[in-house]
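I will write down what I looked up, in the order in which I came to it.

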Amino acid sequence: MDRYEILTMYGNQILQNKLFEAASMQKHHFRTDVASHSINTAFFCIAFYRFLSIFNIRVNLSALIIAALAHDLGILGRKEKFSSGFECITRHPKDSVVTIREIMPGVDPRICDVISSHMFPLCAEFPHSREAWLLSIADKCAACTDIFKHYHVSKPLITSAL
């Protein structure tokens with residue numbers, strides 16, 4: 001299965017949501033948007049999952065993809081919500097948890113835990129699972145490519161899930 005199939009198999013409910021489409025309109029990391037960054041983060045998660053699978057290290061791929069796609073949705077409306085960059089860094093993980101609970105009522109609490117700790121070590125919330133560690137690392141890797149490479153998710157990727 002290719003990475004796009006994996007993304008839509010596990011993340012379709014998020015990709016279909018209007019908030020995710022709105023995320024494609026909000027600038028993020030200077031050169032990209034929140035949706036593109038989140039999809040890029042999910043792609044890093046898939047790569048890490050595949051690597052760890054070689055060593056028979058188990059990771060919940062579904063939880064990882066859902067968390068990757070939702071981890072920064074709490075940033076939406078940043079200028080109105082947060083008074084400073086520091087407040088955004090420290091508060092958006094919890095706001096992202098609130099958002100995923102709206103998108104997916106009854107979401108597994110482990111996914112919320114993964115999302116809430118994705119800013120480690122910039123925030124004190126310590127990752128408690130493999131998935132949380134992987135998301136935290138994948139988010140940093142994606143942020144690096146966000147800075148050095150300009151890309152946007154094509155509208156068909158988001159709307160194809162609709």
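**Entry 1: Thr90.** I began with a side chain and found that Thr90 reaches the backbone oxygen of Phe86 with its side chain, and that of Glu87 as well, the latter at 3.3 Å and the former at 3.0 Å. I count a polar contact as a pair of N or O atoms within 3.5 Å, where within protein one atom must be able to donate a hydrogen and the other to accept it, and where residues adjacent in sequence count only if both atoms are side-chain atoms. Thr90 is found in helix α6, and its relative accessibility of 32% makes it partly exposed. For that word I use these limits: buried is under 20% relative accessible area, exposed is over 50%, and partly exposed lies in between, with a 1.4 Å probe and protein chains only. I also noted that Thr90 and Ser116 are 26 residues apart in sequence, while their C-alpha atoms are 9.9 Å apart in space.

**Entry 2: what I am looking at.** This is a predicted model, in which local features need pLDDT of at least 70 and side-chain atom pairs count only at pLDDT 80 or more, while totals for chains, interfaces and linings use all residues. Residues are numbered from 1 along each chain as its sequence is written, and side-chain values use heavy atoms, with hydrogens and water left out.

**Entry 3: the chain as a whole.** I find nine helices and two strands in the chain, and from the N terminus on the elements run α-α-β-β-α-α-α-α-α-α-α. Helices (H or I, at least four residues) and strands (E, at least two) are DSSP runs, numbered from the N terminus. Of the 162 residues in the chain, 49% are buried. Among contacts between residues at least 6 apart in sequence, 65% join residues at least 24 apart, a contact being heavy atoms within 4.5 Å.

Entry 4: In α7, I list Ile111, Cys112, Val114, Ile115 and Ser116 as the buried residues, and the buried residues of α7 pack against α4, α6 and α8.

Entry 5: Is Thr41 buried or exposed? Thr41, in helix α3 (residues 34-54), is buried, with a relative accessible area of 0%. Leaving aside residues up to four places away in sequence, Thr41 touches Ala68, His71, Leu135, Ala138, Asp139 and Ala142. Ile54 lies in helix α3 too, but at 61% relative accessibility Ile54 counts as exposed. Phe51, Ile54, Phe55 and Ile57 form a nonpolar patch on the surface, with about 420 Å² of accessible area together. Such a patch is made of residues with over 30% relative accessible area and no salt bridge, with like charges joined within 9 Å and nonpolar side chains (Val, Leu, Ile, Met, Phe, Trp, Tyr) within 5 Å. The areas come from the Shrake-Rupley method with a 1.4 Å probe, and for residues only the protein chains shown count as cover.

**Entry 6: salt bridges.** How many salt bridges does a search of the whole structure find? The search finds five, each being a side-chain nitrogen of Lys or Arg within 4 Å of a carboxyl oxygen of Asp or Glu. Lys81 and Asp95 meet in one of them (3.2 Å, N to O), and this pair links distant parts of the chain, with Lys81 in helix α5 (residues 78-81) and Asp95 in helix α6, 14 residues apart. Asp95 also meets Arg91 in a salt bridge (3.4 Å, N to O), and because these two are four residues apart in helix α6, about one helical turn separates Asp95 and Arg91. Asp95 is buried at 15% relative accessible area, whereas Arg91 is partly exposed at 32%. Lys81, Glu87, Arg91 and Asp95 are linked in a network of salt bridges.
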